[in-house]
Amino acid sequence: MKKMYLKVLLLLAITIVSCTKEDALIEVESQEIQFPKEPLTVEQINNRISETISATGDFDWSKENAHFLWSAVVHGQNVLTVGYGNENQSFSESRDPELDAKKNAIINSVIQTEQIDKSDLKIVEQEILTVIDLGVEKIETIIALRKNSDVRYLEPNGYNQFTFNEVMARSSSGCDKNGAYINSSHYSTVAPNNAQVSWHFNEHNIQQAWGLTTGSGVTIGLIDTGVSASQSLLNSSGFNDGYSSGRFVQKYGTFIDSNWWWSSNYDGPHDKCGHGTAMASTMASPRNDNSMPVGVAYNSNLVAYRATEDVLLNDYHERKGVSKALTQLGNRSDVKIISMSIGYVWSIGNIKDAVKYAYSKNKLIFAAGGTSTSFTNGFGVIFPATMSETVAVTGVDDGTNYDRCDTCHSGSKIDFTIIMEGDNNTSKAPPVLGFYNGDRRYTGGSSVATATTAGIAALVWSRYPNWSRTQVLNRLKQSADFYPYKNSSFGYGNIDAYQAVQ
């Protein structure tokens with residue numbers, strides 16, 4: 001009798017536990033189903049992002065619920081970027097049957113939850129990066145993908161409507177095609193025919209370094225808004241001019257100018273903004289006989305990509321353009337250095353994957369720490385300068401105390417600084433080649449600081465062509481003000497180019 005009583009109690013307990021588990025599952029399922037049927041508004045999405053950044057300094061889509069992510073997808077042309085594979089499996093250079101199976105399973109899952117034919121699925125795949133972009137309309141698709149262990153991340157890469165402090169994100173940030181009068185006190189002249197050397201070169205002993213090396217034999221990759229077709233000194237017709245010889249410039253385009261995310265209408269290699277032209281001038285403008293500004297590594301080769309529309313990576317096609325440019329430069333054995341004076345206020349998965357790929361190919365990657373515009377003002381160091389695979393650079397003034405330049409960002413992620421402006425915010429910035437032949441203009445911020453550092457790295461690598469990336473980077477550190485220590489806001493500080501190349 002006692003045994004029978006115990007059996008009944010045990011059966012009752014099992015039943016209660018079983019019912020509890022079922023109830024829990026029903027509750028979870030009902031919570032998923034009970035998401036609002038309508039997406040959040042753009043204002044609601046932006047308020048949430050702004051609050052998170054203000055509180056933590058960062059934003060991560062993976063920490064938001066499925067309804068929030070779906071809402072951003074809906075407001076971003078219904079494109080969902082999916083990173084797939086094992087954790088940290090950002091790329092695969094060879095065809096991997098296991099990876100293909102994971103990718104195809106994800107695609108089939110999307111087709112099933114979207115309830116569409118395979119022929120109706122909008123999809124963009126990448127050759128090396130384990131990333132696909134998919135057209136998604138249903139929240140159920142996002143819920144299902146979040147349960148898939150083969151999904152590394154989900155991001156609404158078409159969402160470009162983020163605002164901060166009621167300022168629109170989409171802007172002409174960093175763009176300037178206008179020439180300007182250049183004060184003669186802001187440059188010195190050298191042969192041949194009074195080629196102009198920016199005042200800030202002398203702050204870093206770059207002219208002295210030219211006595212030992214001029215960048216010959218080193219190829220720099222530039223990922224930016226392209227290089228102007230109207231500036232002959234940065235095109236094949238004038239790149240070998242004056243004391244610059246035996247080198248090449250190549251231009252490519254990975255930016256697609258289209259309202260449709262699945263478009264393949266590439267916009268060509270030529271700059272339409274002016275920012276990329278200024279960066280190319282800073283790094284590699286020839287030591288010309290036209291009385292125009294000279295670049296840091298005036299005998300280096302240049303491979304320039306038009307990957308963005310401006311410096312702010314807030315658009316699907318810009319993000320895809322940058323990731324594709326990184327992949328292509330990563331695959332070039334002649335490219336040793338990559339310079340990116342572009343970025344965003346939080347990390348972008350497909351660009352992060354591409355940076356890791358280029359880094360795996362031993363590229364020395366420089367990224368701008370951030371230049372405050374109406375949009376980025378108030379943020380710390382921006383992505384991708386926040387990554388450990390990049391070298392983050394910002395600008396400071398020429399005062400006796402380290403102070404960041406008026407528009408420059410600083411923080412613990414910064415590795416180096418370059419002097420960009422006069423003390424007490426006096427109006428002095430580096431002069432560079434303009435967008436059109438015969439034009440010059442001023443430009444500054446962390447953008448030019450980054451390009452200047454990339455040029456100095458080219459000088460070092462030209463002097464020591466057999467060195468590894470680590471050796472070149474260590475030499476830059478050893479030549480900087482704070483070495484062997486690292487300042488909490490300015491990294492190793494200002495670089496002495498002459499010391500670096502000795």
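User: Which backbone nitrogen does the side chain of S71 reach?
Analyst: The S71 side chain comes to 2.8 Å from the backbone nitrogen of L40. A polar contact here is a pair of N or O atoms within 3.5 Å; within protein, one must be able to donate a hydrogen and the other to accept it, and residues adjacent in sequence count only if both atoms are side-chain atoms. This is a predicted model, in which local features need pLDDT of at least 70 and side-chain atom pairs count only at pLDDT 80 or more, while totals for chains, interfaces and linings use all residues. Residues are numbered from 1 along each chain as its sequence is written, and side-chain values use heavy atoms, with hydrogens and water left out.
User: Which backbone oxygen lies 2.7 Å from a polar atom of that S71 side chain?
Analyst: That of H67.
User: Where is S71 placed?
Analyst: In helix α3, residues 66–74. Helices (H or I, at least four residues) and strands (E, at least two) are DSSP runs, numbered from the N terminus.
User: S71, buried or exposed?
Analyst: Buried, because its relative accessibility is 0%. Buried means under 20% relative accessible area, exposed over 50%, partly exposed in between (1.4 Å probe, protein chains only).
User: Switching to cis peptide bonds. What does P192 pair with?
Analyst: A191 and P192 are joined by a cis peptide bond, with omega about 0°. P192 sits in the loop between β7 (187–190) and β8 (195–198).
User: And Y483 to P484, what is omega there?
Analyst: About 10°, also for a cis peptide bond.
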